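Thanks for coming, everyone. I have one structure to walk through today. Have a look at it first.

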Amino acid sequence: HESTEGHSKGITIDGQPAIEEWKKKSNDAKVVALVNDRFLITVDGDNVDTETVRNWVGLIDLKKVAAIQ
């Protein structure tokens with residue numbers, strides 16, 4: 001969903017489904033990834049763009065998280 005106030009949309013990170021949100025007024029971004037249908041990884045940044053937050057999520061080895069038994 002996109003509007004003049006920001007957006008919320010589904011994305012994929014390392015093969016895992018995620019939701020990206022961005023608020024224009026505060027320039028806040030958040031990405032929530034669902035890893036292996038078991039773990040939620042949330043990265044929330046203030047006064048940053050969505051690309052920065054996506055890059056922070058990319059620093060987490062989601063494949064290792066998915067392999068946790």
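Start with a side-chain pair: histidine 7 and glutamate 20 make a polar contact through their side chains, at 2.8 Å. By polar contact I mean a pair of N or O atoms within 3.5 Å; within protein, one must be able to donate a hydrogen and the other to accept it, and residues adjacent in sequence count only if both atoms are side-chain atoms.

A word on the model. It is predicted, so local features need pLDDT of at least 70 and side-chain atom pairs count only at pLDDT 80 or more, while totals for chains, interfaces and linings use all residues. Residues are numbered from 1 along each chain as its sequence is written, and side-chain values use heavy atoms, with hydrogens and water left out.

Back to histidine 7. Where does histidine 7 lie? In strand β2. Strands here are DSSP runs of E, at least two residues; helices are runs of H or I, at least four; both are numbered from the N terminus. Is histidine 7 buried or exposed? Histidine 7 counts as buried because its relative accessibility is 15%. The cut-offs: buried is under 20% relative accessible area, exposed is over 50%, partly exposed is in between, with a 1.4 Å probe and protein chains only.

What does histidine 7 touch, leaving aside its neighbours within four places in sequence? His1, Glu2, Glu20, Glu21, Trp22 and Thr50. Contact means heavy atoms within 4.5 Å.

Now the strands. β2 covers residues 6–13, β3 covers residues 16–23, and eight bridges join them. They run antiparallel. Two strands pair if DSSP finds at least two bridges between them. Glycine 6 has lysine 23 as its bridge partner in β3.

On to β4, residues 28–35. Six bridges join β4 to β3, again antiparallel. Tryptophan 22 has alanine 29 as its bridge partner in β4.

Next, the turns. The β2–β3 hairpin has two residues between its strands. Aspartate 14, in that turn, has a positive phi of about 50°. Aspartate 14 is partly exposed, because its relative accessible area is 48%. The β3–β4 hairpin has four residues between its strands, and asparagine 27 in the turn has a positive phi of about 55°.

One more positive phi. Asparagine 47 shows about 60°, although it is not a glycine. Asparagine 47 sits in the loop between β5 (39–45) and α1 (50–58). Asparagine 47 is exposed, because its relative accessible area is 58%. Why point these out? Because most residues other than glycine have a negative phi.
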